[in-house]
Amino acid sequence: MLSRKILLSAVVAAFAMAPSIASAATNLLANGDFSGGFSGFTTDYNQVSGPDSMVPEGNITIATNPVDVHHFWVDLPSATGPMLIANGAGNSSLTIWQEDAINVVSGGSYNFSAGVMNVCCNLSFGGANSPSSIIFQISTDGSTWTDLTSYTTIPADAGVMNTIGTAYIAGATGTVSLRAINDIDAASGNDFALDNLSFASAVPEPGTWAMLFLGFGAIGLMMRRRQSRGMAVI
Ligand SMILES: [Ca+2]
Ligand SMILES: [Ca+2]
């Protein structure tokens, strides 16, 4: 029957859409793309701004093009938005970025993802170029931290944003903290940017499911109307 085929097609289409709906889930981080400047997170680094502001090690800024804040760093003229950019600190225990009070529910599945870029250096730099080892961690109590995912930058890959990610299942309802640290304390090189940090539910939110079921309801109503008009082809 054609009407059943239509319904089946609608169901298949709806479930095919589900992954894209899930990936569009709301980012639970307040300022993961850094469009809000120095807001929504804390840092142990020194917050600075302006041309050549990134010396010494341990300075951090929010800028769109790395060369604008350090003359040796990569020039990305087509970069489109602000990133968190840092000169890796000499003390690797310092937190680069941290956000607290992120609400999770027991058993909930979440996806974490982040972009990490080596920003050292442009061709005018002739010094040693250490990579950075960026580790993202999660904590349920703010004192004990568990590694989520990590990335060691590649000096030859300067200027390329690498996206890393992992899944997380919450053990209990409450809040978690996320942070990034750098396991390398070298001074020369060891310069990096973070952007597009995201921590989001891996399943569609209740509102999304409601929209989906409203859609099914509308399809059902259309079919009933067609049948009542004798238009259904059986
Ligand atoms: Ca950004
Ligand atoms: Ca450095």
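**Sheet organisation and backbone features of the predicted model**

The six strands of an open sheet are arranged in the order β1-β2-β3-β10-β5-β8, and their pairing is mixed. The edges are formed by β1 and β8 (161–169), each of which pairs on one side only. The structure described here is a predicted model.

Strand β1 (residues 46–47) pairs with β2 in the parallel sense, over two bridges. Here glutamine 47 stands opposite isoleucine 60 of β2. The pairing of β2 with β3 is antiparallel and comprises four bridges, with alanine 63 opposite methionine 83 of β3. Further along the sheet, strand β5 (residues 109–118) and strand β10 (residues 191–201) are joined by eight bridges in the antiparallel sense. Valine 116 has leucine 194 in β10 as its bridge partner.

Strand β2 is largely enclosed by the rest of the structure, because five of its five residues are buried. Both of its faces are covered. Asn59, Thr61 and Ala63 are buried on one side, and Ile60 and Ile62 are buried on the other.

Threonine 64 is located in the loop between β2 (59–63) and β3 (83–87). When neighbours within four places in sequence are left aside, threonine 64 is in contact with Ala79, Gly81 and Pro82. Its C-alpha atom is separated by 10.0 Å from that of aspartate 75, eleven residues apart along the chain.

Two cis peptide bonds are described here. One runs from valine 55 to proline 56, with omega near 10°; proline 56 is found in the loop between β1 and β2. Another joins cysteine 120 and cysteine 121, with omega about 10°, and cysteine 121 lies in the loop between β5 and β6 (133–139).

Positive phi values in residues other than glycine include that of aspartate 52, near 50°. Aspartate 52, like proline 56, belongs to the loop between β1 and β2. Aspartate 52 counts as partly exposed because it has 13 C-beta neighbours inside 10 Å. Asparagine 196 also has a positive phi, near 50°, but is part of strand β10. With 17 other C-beta atoms within 10 Å, asparagine 196 is therefore partly exposed.

How values were computed. Residues are numbered from 1 along each chain as its sequence is written. Chains are lettered from A and ligands numbered from 1 in the order in which they are written. This is a predicted model: local features need pLDDT of at least 70, side-chain atom pairs count only at pLDDT 80 or more; totals for chains, interfaces and linings use all residues. Two residues are in contact if their C-beta atoms, placed from the backbone, lie within 7 Å. A residue is buried if 20 or more other C-beta atoms lie within 10 Å of its own, exposed if 12 or fewer, and partly exposed in between; C-beta atoms are placed from the backbone. Two strands pair if DSSP finds at least two bridges between them.
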